[in-house]
Amino acid sequence: MPLTVRQLVAEPTLRITLRAGAEHADRELSWAHVSELDDPAAFLSGGELLLTTGVGLSDSDQEISGWVRRLVAAGVAALGFGVGLRYEDIPAAVLDTAHAEGLPLLEVPLEVPFILLEKAVYQALSSEDHARLQLSHQQQRRLIHAALAADGAKTLVRRTAELIGGWAALLNSAGDIVDSTHRSARRAVEQTSRARRSRPGEIVFSTEGGEDVISHPLAAADGRVLGYLLAGREGVVGSLDHGVVTIAASLLTLFARRTEQSRDALARARAAALKMLIAGQTSTVAAMADELWGGLPTEPIVVFTAYGDPRRLSTACELFEVRPDGEIAYAVIDDHLAVIASHGSANSVLARLTSVPGLFPGISGEASWGELARAIRESRQAADDAARRQEPTKFTAVISEGLSACFDHDRARAYAEAHLAPLLDSDRGGSDALRSTLEVWLAHNGQIDPASKALGIHRHTLRRRLDRIERLLEIRLESPTSRSELWLELQLVER
C-alpha cells in the first residue's frame, strides 16, 4: 500500500510533527516534491507531499493564506514545512489556513533533510509496485494453471471470480450464458446486453445496481466475436481487478478459437456425411453417425430445409448441438440448413428453428431412408414457398395449391405478362376481345361450338380470332403444350 501521512509521521528517524489536518492523516502520498515557487500548482498532479522552507513566500499573511489555498485546490495530500532556515516556526498564516482547509501540515526540523522524506515516499511506492507486480504474476500463474485443467474454460471462469472476489460468466457470441458462477450474473447480462449489441467488439463497463461490471469480448483472428467474459463485484468502477479479467479473457479467447476450429471441422464432416445420405449411402454414414449426431434418426423421417444468412444458420446449429439426442441429423450445405429428423422429433426441430428470428423452414412429408432424395426435394420446395410467405411451410400446403405453387411466381408472372402482351397491343392488332376469346375457348377445352355459343359469336368469327391469336403469339393452338401454358399464363396474370 502507498505510504500515508500518518505512517510518515510515525517514522521515528524522521522526527517530524503533524501540526494541522490530523483528521486527514490517512491520505496516501503519491509522490514527494520540493518547491520554493510562489505558485507551484501548475507543476502538481494531486496526492503529493509538497516540501518547502518558505523562502519564496511573501511577507503578506493574506498572500500566504492564498498560497496555501492554491495548494489545496491543486490537490496536494500534505504540506511539509522546513523550519530553522527562513522561519524558526511555521508562519501563523500557514498554520491557520492549513487548519481551516483540513490540510495535513508537517513541521520538518532543519536537521532532517528533505531527501529523507522523499526517499521514504519513494521506497513505499517502489515496494507497492513490487508487491503489485508479484500479485499480478501470481494471478497469471493461477489463471494459466486453471486453463490447463481438464475443463479449462469452466475452471477459468471460476478462478476469475475467485481472484476478483466477485462473480464471472462465459457468454456465447449471441450473448447467452454458457457458464456462470453466480445467479446474479443473469441480471448483469441483461443490463449490458444493449451495449454489447451496439458495440460487440468493445470492452463494456457498467456500474448499475452498485456493481462494478466488465464485459470483455473474445474475438477471432478476423475480428468476429466468439463470445464474452462477463465479471463483476460490488463497488464503484475500479473495484474489481480489470487486469485479472483481461488475462482470463485472453486465455478464454484461445479456448474459443480452438473450439471454433473444432466446430468448423465437425461442420464440414457433417455436411459431407449428409451429402452421402442424400446420395443413398445410408449404411456407410451409419458407422460414423454416433460421432456426428449421436446416431441416425429412426423411420419415418421428416426433412427440414431453412435458408438464411450464415449467422442465422450457425445459431440454429448451436441449438441442435446443445441437446443432441440421436434423432436428428443436420448440416449446413451451401446456403441452407438441412435437418433430417425422426417423426417424433419433428415438433422439437420446428420449435428450435423458428426460435431463430428470420428463419422460415420448409417441411417435407414423411419418408423412409430410401425416399430421402424425394423428401429433400419436397423440403426445398416448401422452403422456397416459406421464404415468400415469411412463415414455416409444409410441402402438403404447397401441393394443395396446385402445380403453379411450385413456380417462382414473380418470374412466372413476368413471363406471362410479356408473352400475352400482344393480345392487348392495339397497334399490333390485339384487343380485350382477343384475350377473352382465348380464355373462353381454353375453358371449353378448345371446342369451337360451345366456345362460340358462350361468346355469343359465329363459329367462323371464333376461328378467325384464333388465327389472329396464333399469329400474334407465334404459337400453334393445336399443340396441347401451348394450350396448357396459355391457360397457366392467363391464371398467373389474373392473380
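Reader: Which residue in strand 15 stands opposite Gly362?

Author: This is a predicted model. Strand 14 covers residues 362-363 and pairs with strand 15 in the parallel sense, over 2 bridges. In that pairing, the residue of strand 15 opposite Gly362 is Thr393.

Reader: Which are the edge strands of the sheet?

Author: The sheet is open, with 5 strands in the order 12-13-11-14-15 and mixed pairing. An edge strand pairs on one side only, and that holds for strand 12 (328-333) and strand 15 (393-394).

Reader: Which strands does helix 12 touch, and what angle does its direction make with that of strand 11?

Author: Helix 12, residues 372-389, packs on the sheet. The strands touched by helix 12 are strand 11 (301-307), strand 13 (336-342), strand 14 and strand 15. With the direction of strand 11, that of helix 12 makes about 40°.

Reader: How many nonpolar, polar and charged residues does the contact of helix 2 with helix 3 have?

Author: Helix 2 passes helix 3 in a right-handed crossing. Helix 2 contributes Asp61, Ile64, Ser65, Trp67, Val68, Arg69 and Val72, and helix 3 contributes Ala93, Val94, Thr97, Ala98 and Glu101. Sorted by class, the contact has 3 charged, 2 polar and 7 nonpolar residues.

Terms used: Residues are numbered from 1 along each chain as its sequence is written. This is a predicted model: local features need pLDDT of at least 70, side-chain atom pairs count only at pLDDT 80 or more; totals for chains, interfaces and linings use all residues. Side-chain values use heavy atoms; hydrogens and water are left out. A crossing is left-handed if the near helix is turned anticlockwise from the far one by less than a right angle, and right-handed if clockwise. Helices (H or I, at least four residues) and strands (E, at least two) are DSSP runs, numbered from the N terminus. Contact means heavy atoms within 4.5 Å. Ala, Val, Leu, Ile, Met, Phe, Trp, Tyr, Cys and Pro count as nonpolar, Asp, Glu, Lys and Arg as charged, and the others, Gly among them, as polar. Two strands pair if DSSP finds at least two bridges between them. Axes are lines fitted to C-alpha atoms, for helices over the stretch in contact, and angles run from 0 to 180 degrees between N-to-C directions.
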